[in-house]
Amino acid sequence: MKRSEINQAIIDAKSMMEEYSWVLPQWGYWSTAEYLEQPITSKYLKEHQMGWDVTDFGKGVFNEQGITLFCIRNGIQGNVNDKPYAEKLLFMQEGQEIPFHSHKIKLEDIINRGGGDLAIEFLEVDEKDQELLNKINVLVDGEKISLDPHEPLILKRGQSVTVDRNIFHRFYAVKGSGMVMAGEVSQVNDDNNDNYFLEPIGRFSEIQEDEPTLHPLWNEI
(Lines give C-alpha, C1' and ligand atoms only; values in the text may rest on other atoms or scores of the structure.)
Protein backbone atom coordinates (compact mmCIF):
# COMPACT_ATOMS: atom_id res chain seq x y z
CA MET A 1 0.00 0.00 0.00
CA LYS A 2 1.01 3.60 -0.47
CA ARG A 3 1.31 5.74 2.64
CA SER A 4 -1.07 8.19 0.97
CA GLU A 5 -3.74 5.44 0.83
CA ILE A 6 -3.23 4.68 4.51
CA ASN A 7 -3.41 8.36 5.44
CA GLN A 8 -6.63 8.83 3.47
CA ALA A 9 -8.19 5.75 5.04
CA ILE A 10 -7.43 7.16 8.50
CA ILE A 11 -8.83 10.57 7.51
CA ASP A 12 -12.04 8.90 6.32
CA ALA A 13 -12.30 6.93 9.57
CA LYS A 14 -11.76 10.02 11.71
CA SER A 15 -14.41 11.88 9.73
CA MET A 16 -16.93 9.11 10.35
CA MET A 17 -16.11 9.06 14.05
CA GLU A 18 -16.76 12.78 14.22
CA GLU A 19 -20.14 12.21 12.53
CA TYR A 20 -21.09 9.71 15.25
CA SER A 21 -19.42 11.60 18.12
CA TRP A 22 -16.76 8.95 18.79
CA VAL A 23 -13.51 10.19 20.30
CA LEU A 24 -10.29 8.18 20.53
CA PRO A 25 -7.81 8.14 23.39
CA GLN A 26 -5.33 11.02 23.10
CA TRP A 27 -2.62 8.76 21.66
CA GLY A 28 -4.92 7.91 18.75
CA TYR A 29 -4.14 11.37 17.36
CA TRP A 30 -0.40 11.37 18.02
CA SER A 31 2.19 11.90 15.30
CA THR A 32 5.29 9.72 15.02
CA ALA A 33 7.25 12.39 16.91
CA GLU A 34 4.75 12.38 19.77
CA TYR A 35 5.02 8.59 20.10
CA LEU A 36 8.80 8.97 20.31
CA GLU A 37 8.35 11.50 23.10
CA GLN A 38 6.33 8.95 25.11
CA PRO A 39 8.44 5.76 25.06
CA ILE A 40 6.76 4.03 28.04
CA THR A 41 3.25 4.49 26.66
CA SER A 42 4.43 3.60 23.16
CA LYS A 43 6.00 0.37 24.40
CA TYR A 44 2.73 -0.60 26.14
CA LEU A 45 0.68 0.17 23.02
CA LYS A 46 2.89 -1.89 20.72
CA GLU A 47 3.02 -4.84 23.13
CA HIS A 48 -0.80 -4.76 23.27
CA GLN A 49 -1.27 -4.19 19.51
CA MET A 50 -3.25 -1.02 20.18
CA GLY A 51 -3.73 1.84 17.74
CA TRP A 52 -4.26 2.28 14.01
CA ASP A 53 -4.17 -0.65 11.59
CA VAL A 54 -4.75 -0.28 7.84
CA THR A 55 -4.24 -3.27 5.56
CA ASP A 56 -4.88 -4.54 2.05
CA PHE A 57 -3.77 -8.06 3.10
CA GLY A 58 -0.85 -7.76 0.70
CA LYS A 59 -3.13 -8.00 -2.34
CA GLY A 60 -2.84 -4.41 -3.58
CA VAL A 61 -6.60 -3.88 -4.00
CA PHE A 62 -7.44 -1.95 -0.84
CA ASN A 63 -10.77 -0.64 -2.18
CA GLU A 64 -11.97 -4.22 -2.74
CA GLN A 65 -10.16 -6.18 -0.01
CA GLY A 66 -8.98 -4.08 2.87
CA ILE A 67 -9.96 -2.60 6.19
CA THR A 68 -9.13 0.25 8.56
CA LEU A 69 -9.11 -0.57 12.27
CA PHE A 70 -8.36 1.09 15.56
CA CYS A 71 -7.70 -1.09 18.61
CA ILE A 72 -8.80 0.86 21.68
CA ARG A 73 -7.96 -1.68 24.40
CA ASN A 74 -6.42 -5.14 24.51
CA GLY A 75 -4.64 -7.66 26.68
CA ILE A 76 -1.90 -10.10 25.69
CA GLN A 77 -2.88 -13.64 24.78
CA GLY A 78 -1.43 -16.11 27.27
CA ASN A 79 -0.87 -13.52 30.00
CA VAL A 80 -3.46 -14.32 32.68
CA ASN A 81 -2.50 -11.21 34.63
CA ASP A 82 -3.43 -8.88 31.79
CA LYS A 83 -6.82 -7.81 30.46
CA PRO A 84 -8.92 -10.75 29.17
CA TYR A 85 -10.76 -8.56 26.62
CA ALA A 86 -10.30 -6.30 23.61
CA GLU A 87 -12.22 -3.59 21.77
CA LYS A 88 -11.82 -2.32 18.21
CA LEU A 89 -13.41 0.01 15.70
CA LEU A 90 -13.52 -1.18 12.09
CA PHE A 91 -14.14 0.97 9.02
CA MET A 92 -15.14 -0.32 5.57
CA GLN A 93 -15.99 1.57 2.42
CA GLU A 94 -18.89 0.39 0.25
CA GLY A 95 -18.03 -3.02 -1.19
CA GLN A 96 -14.79 -3.30 0.78
CA GLU A 97 -14.36 -6.67 2.47
CA ILE A 98 -12.16 -8.52 4.92
CA PRO A 99 -11.54 -12.04 3.49
CA PHE A 100 -12.61 -15.31 5.08
CA HIS A 101 -10.69 -15.94 8.30
CA SER A 102 -11.16 -17.54 11.69
CA HIS A 103 -9.71 -17.45 15.20
CA LYS A 104 -8.82 -20.43 17.38
CA ILE A 105 -8.64 -18.52 20.67
CA LYS A 106 -10.67 -15.34 20.27
CA LEU A 107 -14.46 -15.28 20.68
CA GLU A 108 -15.91 -12.02 19.38
CA ASP A 109 -18.99 -9.90 18.83
CA ILE A 110 -19.15 -7.78 15.65
CA ILE A 111 -21.41 -4.73 15.94
CA ASN A 112 -22.70 -2.30 13.33
CA ARG A 113 -21.92 0.99 15.10
CA GLY A 114 -22.99 3.34 12.33
CA GLY A 115 -23.28 4.08 8.63
CA GLY A 116 -24.48 1.56 6.07
CA ASP A 117 -25.38 -2.12 6.25
CA LEU A 118 -22.78 -4.65 7.37
CA ALA A 119 -22.91 -8.10 5.73
CA ILE A 120 -21.23 -11.15 7.27
CA GLU A 121 -20.94 -14.61 5.70
CA PHE A 122 -19.94 -17.78 7.55
CA LEU A 123 -18.63 -21.23 6.71
CA GLU A 124 -17.01 -24.23 8.33
CA VAL A 125 -14.22 -26.39 6.90
CA ASP A 126 -12.86 -29.85 7.62
CA GLU A 127 -9.27 -30.74 8.52
CA LYS A 128 -8.30 -30.42 4.83
CA ASP A 129 -9.88 -26.94 4.56
CA GLN A 130 -12.71 -28.29 2.43
CA GLU A 131 -15.96 -26.38 2.91
CA LEU A 132 -18.74 -28.15 4.80
CA LEU A 133 -22.37 -27.83 3.76
CA ASN A 134 -24.03 -27.90 7.19
CA LYS A 135 -25.96 -24.89 8.43
CA ILE A 136 -24.23 -22.53 10.85
CA ASN A 137 -25.92 -21.21 13.97
CA VAL A 138 -25.07 -17.72 15.19
CA LEU A 139 -26.43 -15.40 17.86
CA VAL A 140 -27.74 -12.03 16.69
CA ASP A 141 -28.23 -9.96 19.84
CA GLY A 142 -29.09 -13.16 21.68
CA GLU A 143 -31.43 -14.56 19.01
CA LYS A 144 -30.36 -17.84 17.42
CA ILE A 145 -30.17 -17.59 13.62
CA SER A 146 -29.46 -20.52 11.27
CA LEU A 147 -27.64 -19.72 8.03
CA ASP A 148 -26.40 -21.63 5.00
CA PRO A 149 -22.68 -21.33 4.19
CA HIS A 150 -22.04 -18.04 2.36
CA GLU A 151 -25.55 -16.80 3.15
CA PRO A 152 -25.17 -13.11 4.02
CA LEU A 153 -26.31 -11.95 7.43
CA ILE A 154 -27.19 -8.26 7.18
CA LEU A 155 -26.64 -6.20 10.31
CA LYS A 156 -28.37 -2.84 10.50
CA ARG A 157 -27.06 -0.09 12.74
CA GLY A 158 -27.07 -1.23 16.36
CA GLN A 159 -27.23 -4.95 15.58
CA SER A 160 -24.48 -7.40 16.49
CA VAL A 161 -23.52 -11.02 15.96
CA THR A 162 -21.42 -13.41 18.02
CA VAL A 163 -18.75 -15.18 15.98
CA ASP A 164 -17.67 -18.50 17.48
CA ARG A 165 -14.12 -19.80 17.43
CA ASN A 166 -13.04 -21.76 14.32
CA ILE A 167 -15.96 -20.42 12.27
CA PHE A 168 -14.67 -18.79 9.11
CA HIS A 169 -16.26 -15.44 8.36
CA ARG A 170 -15.90 -12.54 5.99
CA PHE A 171 -17.63 -9.21 6.29
CA TYR A 172 -18.15 -6.24 4.03
CA ALA A 173 -20.03 -2.98 3.63
CA VAL A 174 -23.06 -3.58 1.40
CA LYS A 175 -22.82 -1.67 -1.87
CA GLY A 176 -25.24 1.22 -2.05
CA SER A 177 -25.62 1.57 1.72
CA GLY A 178 -22.57 3.70 2.49
CA MET A 179 -19.42 3.38 4.56
CA VAL A 180 -19.72 1.27 7.71
CA MET A 181 -18.27 1.90 11.16
CA ALA A 182 -18.30 -1.46 12.94
CA GLY A 183 -17.17 -2.46 16.39
CA GLU A 184 -15.52 -5.55 17.79
CA VAL A 185 -15.78 -6.62 21.42
CA SER A 186 -13.87 -9.80 22.09
CA GLN A 187 -11.47 -11.83 24.08
CA VAL A 188 -7.85 -10.77 23.74
CA ASN A 189 -6.87 -10.08 20.14
CA ASP A 190 -3.57 -11.26 18.65
CA ASP A 191 -3.14 -10.31 14.99
CA ASN A 192 0.26 -11.98 14.82
CA ASN A 193 -0.82 -15.48 15.87
CA ASP A 194 -4.62 -15.91 15.91
CA ASN A 195 -5.74 -15.07 12.36
CA TYR A 196 -6.28 -18.03 10.01
CA PHE A 197 -7.16 -17.13 6.41
CA LEU A 198 -8.65 -19.52 3.88
CA GLU A 199 -6.44 -18.15 1.13
CA PRO A 200 -2.69 -17.51 1.43
CA ILE A 201 -2.62 -13.79 2.14
CA GLY A 202 -0.73 -11.51 4.49
CA ARG A 203 -2.19 -9.81 7.54
CA PHE A 204 -0.06 -6.68 7.13
CA SER A 205 0.89 -4.61 4.09
CA GLU A 206 4.22 -3.51 2.67
CA ILE A 207 4.16 0.28 2.60
CA GLN A 208 5.44 2.61 -0.13
CA GLU A 209 6.40 5.89 1.50
CA ASP A 210 5.03 8.42 -0.98
CA GLU A 211 4.12 11.06 1.63
CA PRO A 212 4.69 11.76 5.36
CA THR A 213 2.92 9.57 7.93
CA LEU A 214 -0.25 11.07 9.41
CA HIS A 215 -0.44 8.61 12.35
CA PRO A 216 1.81 5.55 12.67
CA LEU A 217 0.22 2.10 12.64
CA TRP A 218 0.47 0.07 15.82
CA ASN A 219 3.15 -2.23 14.37
CA GLU A 220 5.24 0.83 13.44
CA ILE A 221 5.30 2.32 16.94
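## Salt bridges in the predicted model

In this predicted model, Asp191 and Arg203 form a salt bridge through their side chains, at 3.3 Å from N to O. A salt bridge here is a side-chain nitrogen of Lys or Arg within 4 Å of a carboxyl oxygen of Asp or Glu. Asp191 is in the loop between strand E12 (180-187) and E13, while Arg203 is in the segment after E13, 12 residues apart. Strands (E, at least two residues) are DSSP runs numbered from the N terminus. Through shared partners, salt bridges join Asp53, Lys88, Asp191 and Arg203 into one network.

Arg203 also meets the side chain of Asp53 in a salt bridge. This pair links distant parts of the chain, 150 residues apart, with Asp53 in strand E1 (residues 51-55).

| Salt bridge | N to O distance |
|---|---|
| Arg203 and Asp53 | 2.4 Å |
| Asp191 and Arg203 | 3.3 Å |

Arg203 is buried at 11% relative accessible area, Asp191 at 5% and Asp53 at 4%.

Residues are numbered from 1 along each chain as its sequence is written. Local features need pLDDT of at least 70 and side-chain atom pairs count only at pLDDT 80 or more, while totals for chains, interfaces and linings use all residues; side-chain values use heavy atoms, with hydrogens and water left out.

Key: Helices (H or I, at least four residues) and strands (E, at least two) are DSSP runs, numbered from the N terminus. Buried means under 20% relative accessible area, exposed over 50%, partly exposed in between (1.4 Å probe, protein chains only).
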